[in-house]
Amino acid sequence: MQHFDFTVTREEKRPDGNRGKNLRLLLLFCVVAAVTALVIWLLLPQSSEEKDAGGKADTPVETAAKDPANDAGSASDADPGKKDDKPADSGTTADPGKPADSGTTADPGKKNDKPVASGTTAAGKNGSAKYDPAIRELIKQTGKFRQALTGGSWKSAKYAVVHNVVNGDNLSNLCFKYHNTRAFVQQFNGIANANNISLGQKIAFIRADDWRITISRTGGHLLVERRIGKEFIPFAAFDCLVSEKGTLRDDLVVSRRVQKPNFIDRHGGRLASGTAGNPYGEFLISIARASRPDSPYMPLSIHGRGDQQAVETSVKNGATSMKPEDILLLYYLVPEGSPVRIVK
């Protein structure tokens, strides 16, 4: 008979390798969580301080935005949509190769002269408003330039360029090329008929890539600069009547240049040049926003000296009035589209 062994043998249980792995993962998770919590705790106070510091930094920015120097003239700006920009500084050096400052006077500590008309920059004993030395010198040079134009010697000056007419040239294209007005080129080259220029004819131009007008309200002068490359170089300056209060902006351009302009009064009446009530005199240079160059804003016009009472009213409303010989030269020099700045 076969013998059976009924003894139960228990199988030895092997250690579970997965259980150890899980314990290690749990321990690693706890360490990472603890480190993360510590980092967050350390960062919380620093973030709060940075937030407080940022809140304090807004105060001087807001104060600077309300600086009256930046908002000068905004209360009396009659032109809707104007920008309250701080006037750009065009320099105060007497060096003719650098822009002159059209927004400062020779002595900032002194009070302004008594106005000729209410709100108008006054003229000094010599008939000129107060200027810094560079502007005074430039006004003298402008007088010499006017004499050179009369005598014809300007054609040999450093600022002049002489063009020899070639096949295909016409005067309008040449004026556009050299940024000179056709009135200037014809007048000072003795060209009676713009359509009648001949091959080999020598025509002189003022060398310029562009022109710019800067009107200084407190300085009481008008500065003309020509651009060569990227640099604007002072070329001429004139004393003028201009309101000390009013629009300050630098987004303007010359819109139109008119000889013997009519004046439209507030009732719609048309007053011819030279008649009572017309402030413009012989010439008018109208100003417009650069975005709308064909829509002149007449209160900011530059004009001559017509009816005296009308001139005073025009200046009070924001216009610039120049002497007859000065507005004539400006009419010749600066073409339509040239930028215009009105600074403090």
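1. Helix α4 (residues 182-189) packs on α6 at an angle of about 110°, with the axes 6 Å apart. Axes here are lines fitted to C-alpha atoms, for helices over the stretch in contact, and angles run from 0 to 180 degrees between N-to-C directions. Helices (H or I, at least four residues) and strands (E, at least two) are DSSP runs, numbered from the N terminus. α4 is therefore roughly perpendicular to α6. For that wording, 65 to 115 degrees counts as roughly perpendicular, under 35 as roughly parallel, over 145 as roughly antiparallel and the rest as oblique.

2. This is a predicted model: local features need pLDDT of at least 70, side-chain atom pairs count only at pLDDT 80 or more, and totals for chains, interfaces and linings use all residues. Residues are numbered from 1 along each chain as its sequence is written, and side-chain values use heavy atoms, with hydrogens and water left out.

3. Which residues join α4 to α6? From α4 come A183, F184, Q187 and F188; from α6 come Y331, Y332 and L333. Contact means heavy atoms within 4.5 Å. The α4 and α6 contact has 6 nonpolar residues, 1 polar and no charged. In this scheme Ala, Val, Leu, Ile, Met, Phe, Trp, Tyr, Cys and Pro count as nonpolar, Asp, Glu, Lys and Arg as charged, and the others, Gly among them, as polar.

4. Helix α2 (residues 133-151) also packs on α6 (residues 324-333), at about 70° and with axes 12 Å apart. That makes α2 and α6 roughly perpendicular. α2 passes α6 in a left-handed crossing; that is, the near helix is turned anticlockwise from the far one by less than a right angle, whereas clockwise would be right-handed. T142, F145, R146 and L149 of α2 make the contact with E325, D326, L329 and L333 of α6. By class, the α2 and α6 contact divides into 4 nonpolar, 1 polar and 3 charged residues.

5. Helix α3 (residues 171-178) crosses α4 at roughly 110°, and their axes come within 9 Å. α3 and α4 are therefore roughly perpendicular. L171, S172 and C175 of α3 meet R182, V185 and Q186 of α4. The α3 and α4 contact holds 3 nonpolar, 2 polar and 1 charged residues.

6. Now confidence. pLDDT is the predictor's confidence in each residue, from 0 to 100. The protein averages 77, and 68% of the residues score at least 70. Over residues 6-13 pLDDT stays under 50, and the model has 0 contacts there beyond four places in sequence. Over residues 45-129 pLDDT also stays under 50, yet the model has 141 such contacts beyond four places in sequence.
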